[in-house]
Amino acid sequence: SDVKIILGYGGFPVFKKVWKEILTYENFYVDLASFHLDRSLIRKMIKILGSHRCIYGTDCPYNFSDRAGKFSYTKTRKRLAYDFLELEDYNKIFFQNITNLSRETDT
């Protein structure tokens, strides 16, 4: 299908079930904006779906305020640093996937 569908929060609250359900549909993607997604779940998501189906998400400004109660990108960047990813997966998740999704396709 030409319609692209992005599931928020990694498919919360039924992560693995959702990933297995959408596995055969290449037009489904998941974002990584969720306090419920830890490194272990992100690794499992990539193993099941592949990093080409995962998209960086911040969920900002929700839940990311500094000690003074003001919104802070610093906190979300640190949380989503994903320094445990291979460089190829990191580049797909942070840059390439959303760029590819946002391009118009020729029909």
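Contact here means heavy atoms within 4.5 Å. Keep in mind that this is a predicted model, where local features need pLDDT of at least 70, side-chain atom pairs count only at pLDDT 80 or more, and totals for chains, interfaces and linings use all residues. Residues are numbered from 1 along each chain as its sequence is written, and side-chain values use heavy atoms, with hydrogens and water left out.

Met45 and Trp19 touch the most other members of the largest nonpolar core, which has 19 residues. Such a core is a set of buried Ala, Val, Leu, Ile, Met, Phe, Trp, Tyr and Cys residues joined through side-chain atoms within 4.5 Å; buried is under 20% relative accessible area, exposed is over 50%, and partly exposed is in between (1.4 Å probe, protein chains only). At least two residues of this core come from each of helix H1 (15-22), E2, H2 and H4, and H2 gives the most, with 5 residues. Helices (H or I, at least four residues) and strands (E, at least two) are DSSP runs, numbered from the N terminus.

Now for H4. This helix (residues 87-102) has 16 residues and reaches 22 Å from its first C-alpha to its last, close to the 22 Å expected at 1.5 Å a residue; that expected span is 1.5 Å times one less than the number of residues. Its buried residues are Asp89, Lys92, Ile93, Phe94, Asn97 and Leu101. Their cover includes strand E1 (5-7), strand E2 (28-31), helix H2 (39-49) and strand E3 (54-55).

On to the charged pairs: the structure holds 3 salt bridges, each a side-chain nitrogen of Lys or Arg within 4 Å of a carboxyl oxygen of Asp or Glu.

| Salt bridge | N to O distance |
|---|---|
| Arg53 and Glu26 | 3.7 Å |
| Arg39 and Asp83 | 2.8 Å |
| Lys92 and Glu88 | 3.3 Å |

Arg53 sits in the loop between H2 and E3 and Glu26 in the loop between H1 and E2, so their bridge ties together parts 27 residues apart in sequence. Arg53 is buried at 1% relative accessible area, while Glu26 is partly exposed at 49%.

Arg39 is in helix H2 and Asp83 in the loop between helix H3 (73-79) and H4, so this pair links parts 44 residues apart in sequence. Arg39 is partly exposed at 40%, and Asp83 is exposed at 58%.

Lys92 and Glu88 both belong to H4, 4 residues apart, about one turn of the helix. Glu88 is exposed, at 53% relative accessibility.
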